[in-house]
Structure formats: structure tokens, C-alpha cells
Amino acid sequence: MDEHLLEVVRALHGAVKQGVSQSKDPKIMDKAINDCKEILDVIMAGKVQEWLN
Amino acid sequence: MFTDKIELKDFDKMEPEYKELLGHVLAIQADCEIGGPHLYVEKMLPAAPTKLDQLIVARTAAEEIDHYRKVARVAGDLGVDVSFVLSQPNEKRFVDTFRGLITTWEDNAVFGFLIDRVGRYQLEEFYDCSYLPLQRILPDIVTEELGHIEYGYNKTAELIGKGDEGKAKAQKAVDYWYVKALDMFGHTGSKRSERYRYWGLKRRSNEQAREDYINEVNPILEKIGLKVPDPLKGRHYL
């Protein structure tokens with residue numbers, strides 16, 4: 001679980017950094033936001049057993 | 001009064017009350033960390049006013065998930081499984097403040113400004129606490145919470161700067177969250193709080209921490225032109 005969440009956190013930070021560093025490019029910003037949304041939707045759904053399988 | 005500092009290896013030797021209190025406070029802390037994102041991600045990630053704000057919502061959620069992870073690891077080392085809080089519905093959160101859904105940007109801003117500040121107070125209770133593994137995870141978590149508080153404050157001030165309508169929205173949000181914030185400190189004269197202090201797990205009484213919070217927040221509210229809400233109206237934990 002700890003490892004999985006650490007990967008999630010790293011992926012989110014990576015997507016945020018990508019978007020913020022390219023803040024003049026709306027397409028890259030949109031992609032970063034969508035990537036974050038996809039990751040966060042899974043965490044917010046809270047299906048813990050599915051993450052670990 | 002217990003004044004020793006203990007490591008994980010010492011935990012088994014501790015009295016049942018210490019084990020119960022430490023496990024309980026870690027479960028609450030883990031629940032509050034993950035409870036934040038569950039309040040605001042669903043509605044605020046798509047609805048934040050700018051793309052940059054959307055990304056900051058995501059970054060804030062990432063940091064809170066990481067705080068959960070760190071607290072869960074400390075709890076897990078003690079044999080306390082707090083993973084159930086990852087999947088429980090908001091209405092079952094330990095703390096009432098986290099039992100809803102944030103649906104407006106002004107609520108999101110004031111949540112950061114006022115409620116993340118309570119989060120900082122809760123974490124500060126563990127400074128110099130008797131359980132060293134808990135103490136060690138604090139600095140990074142508190143640093144990130146300070147960022148959330150500052151962002152919430154800046155966004156609240158930004159709203160106020162937009163004129164009467166923005167100010168009215170900010171005031172309405174403050175009226176709602178201020179009372180929740182004060183309640184988060186718990187009952188005055190709490191016996192459980194006294195036992196936490198006896199075991200060196202917390203520093204201040206509930207009422208002292210609440211008083212410190214009021215003394216910090218009220219001048220800030222007044223400085224940005226907002227009215228300090230009635231501190232008793234709508235309170236559940238006096």
C-alpha cells in the first residue's frame with residue numbers, strides 16, 4: 001500500500017510539474033489536468049483491493 | 001506525567017492506555033489527511049477558476065495523500081491498520097468538518113485558509129511528543145500544510161479584492177468554516193485530551209489550542225476586512 005501510494009503521489013507531482021512548467025500551452029495544461037483527474041478518480045473511488053491486485 | 005521518548009521497539013512495553021491513545025490519534029490524523037481530498041477533488045478539480053488553480057488543487061490533493069501515507073506507515077508499524085479510511089464515505093469521517101462536499105470556489109479557498117490551519121495546529125500538538133517515529137514525519141507535512149494555508153488565504157483575499165460580491169461570498173464561507181474550525185479542537189475540559197497530555201502525546205488542552213487559534217485567526221480576518229463570526233453560534237463542541 002505504501003509503495004502504491006508513493007507511486008500515485010509521484011505520478012501526480014509529475015503531471016502537475018509538467019502542466020505548470022508549460023503554463024503557456026493550454027493543450028499541455030489540459031493533458032496534465034486530465035492525467036491528474038484520472039489518477040485522483042481512482043484514489044477517491046477507494047477500491048483498495050483493486051489497487052493492490 | 002510521562003516524559004520519556006520512545007521508539008517503535010519500546011512500544012510493546014507501553015501500557016494499554018498509551019497504545020490505545022496513540023493508535024486512536026493516528027487513525028484520526030490519517031482520516032483527516034485523506035478526508036480533505038475527498039471533500040474538494042470531485043467538484044473543485046474540474047471547476048477551479050484557472051487551469052493553474054486546477055493543477056494546484058491536484059497538487060494539494062497529492063500532498064494530502066502523501067501525508068496520509070506517512071501517518072498510515074507509522075500506524076502500520078504499530079499494528080494499527082488505518083487503510084479503512086481510504087474507502088469510507090465522507091459521512092463516516094471521524095471529524096464532522098470532513099463529512100460533506102465542497103462545491104464552491106470560495107468554500108475551497110476558505111477551507112485552506114481556516115481548516116488546513118487547524119490541521120497545522122493538530123500536527124503541532126505532536127511536536128516533541130513521546131513517540132519519536134511520529135515526531136520525525138512532522139516537518140515535511142507541516143511545511144506542506146503551510147503552503148495550503150497560504151494558498152487558501154491568498155485565494156480568499158483575491159475574492160475579497162474583486163468587490164462586494166466576492167467579499168460577501170468570502171464572508172459566507174468564513175461564517176460556515178470558522179465554527180467548524182473551532183469545533184475541531186474538541187470539548188473544553190476533555191478527559192481524553194488530559195490523558196493525551198499525560199502520556200506526552202499532545203502539548204495543549206483543547207481549549208488552549210482553540211484559544212491560540214482564535215488569537216491567530218481573528219486579527220487576520222479583521223485585516224482582510226471580514227467580520228469575525230460569533231464563536232458560539234452553531235458550535236457542537238464547547
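**View 1. Helices α3(B) and α4(B) are roughly antiparallel to each other.** The model shown here and in the other views is predicted. In chain B, α3 spans residues 105-124 and α4 spans residues 132-160. Their packing angle is about 150°, and their axes lie 7 Å apart. Angles over 145 degrees count as roughly antiparallel, and α3(B) and α4(B) therefore fall in that class. The crossing of this helix pair is left-handed. Sorted by class, the contact of α3(B) with α4(B) holds 13 nonpolar, five polar and six charged residues.

**View 2. Chain B meets chain A through 20 residues of its own and 24 of chain A.** On the chain B side, two elements give two or more residues each: α1 (16-47) and α2 (51-77). Helix α2(B) supplies the largest share of that side, with 12 residues. By class, the chain B side has 10 nonpolar, four polar and six charged residues.

**View 3. Helix α2(A) packs on α2(B) at an angle of about 30°.** The axes of α2(A) and α2(B) are 10 Å apart. Their crossing is left-handed. From α2(A), the contact draws on A:Pro26, A:Met29, A:Ala32, A:Ile33, A:Cys36, A:Leu40 and A:Ile43. From α2(B), it draws on B:Lys51, B:Gln54, B:Leu55, B:Ala58, B:Ala61 and B:Ile65. The residues of this contact divide into 11 nonpolar, one polar and one charged.

**View 4. Helix α2(A) also crosses α1(B), at roughly 140°.** Here the axes come within 11 Å. The crossing of α2(A) and α1(B) is left-handed. On the α2(A) side stand A:Cys36, A:Lys37, A:Leu40 and A:Met44. They meet B:Pro37, B:His38, B:Val41, B:Glu42 and B:Leu45 of α1(B). This contact splits into six nonpolar residues, one polar and two charged. A:Cys36 and A:Leu40 take part here and in the contact with α2(B).

**View 5. The largest nonpolar core has 74 residues.** Those with the most contacts inside this core are A:Cys36, B:Ala30, B:Ala58, B:Val110 and B:Trp177. Chain A gives two or more residues from each of α1 (2-21) and α2 (26-45). In soluble globular proteins, nonpolar side chains tend to be buried together.

**View 6. B:Val110 is one of the core residues with the most contacts.** Leaving aside residues up to four places away in sequence, B:Val110 touches B:Gly152, B:Thr156, B:Ala170, B:Ala173, B:Val174 and B:Trp177. B:Trp177 is likewise listed among the core residues with the most contacts.

**View 7. B:Gly161 sits in the loop between α4 and α5 of chain B.** B:Gly161 has 12 C-beta neighbours inside 10 Å and therefore counts as exposed. Its C-alpha is 9.3 Å from that of B:Ile224. In sequence, B:Gly161 and B:Ile224 are 63 residues apart.

**View 8. B:Glu124 lies in helix α3 of chain B.** With 17 other C-beta atoms within 10 Å, B:Glu124 is partly exposed. B:Glu124 and B:Ile6 are 118 residues apart in sequence. In space, 18 Å separates their C-alpha atoms.

How values were computed. Residues numbered from 1 in each chain as written. Chains lettered and ligands numbered in written order. Predicted model: local features only at pLDDT ≥ 70, side-chain atom pairs only at ≥ 80, totals over all residues. Contact = placed C-beta atoms within 7 Å. Helix = DSSP H or I, 4+ residues; strand = E, 2+ residues; numbered from the N terminus. Nonpolar A, V, L, I, M, F, W, Y, C, P; charged D, E, K, R; others polar. Axes fitted to C-alpha atoms, helices over the stretch in contact; angles between N-to-C directions. Parallel < 35°, antiparallel > 145°, perpendicular 65-115°, else oblique. Left-handed = near helix turned anticlockwise from the far one by under 90°. Core = buried A, V, L, I, M, F, W, Y, C linked by C-beta atoms within 7 Å. Buried ≥ 20, exposed ≤ 12 C-beta atoms within 10 Å, placed from the backbone.
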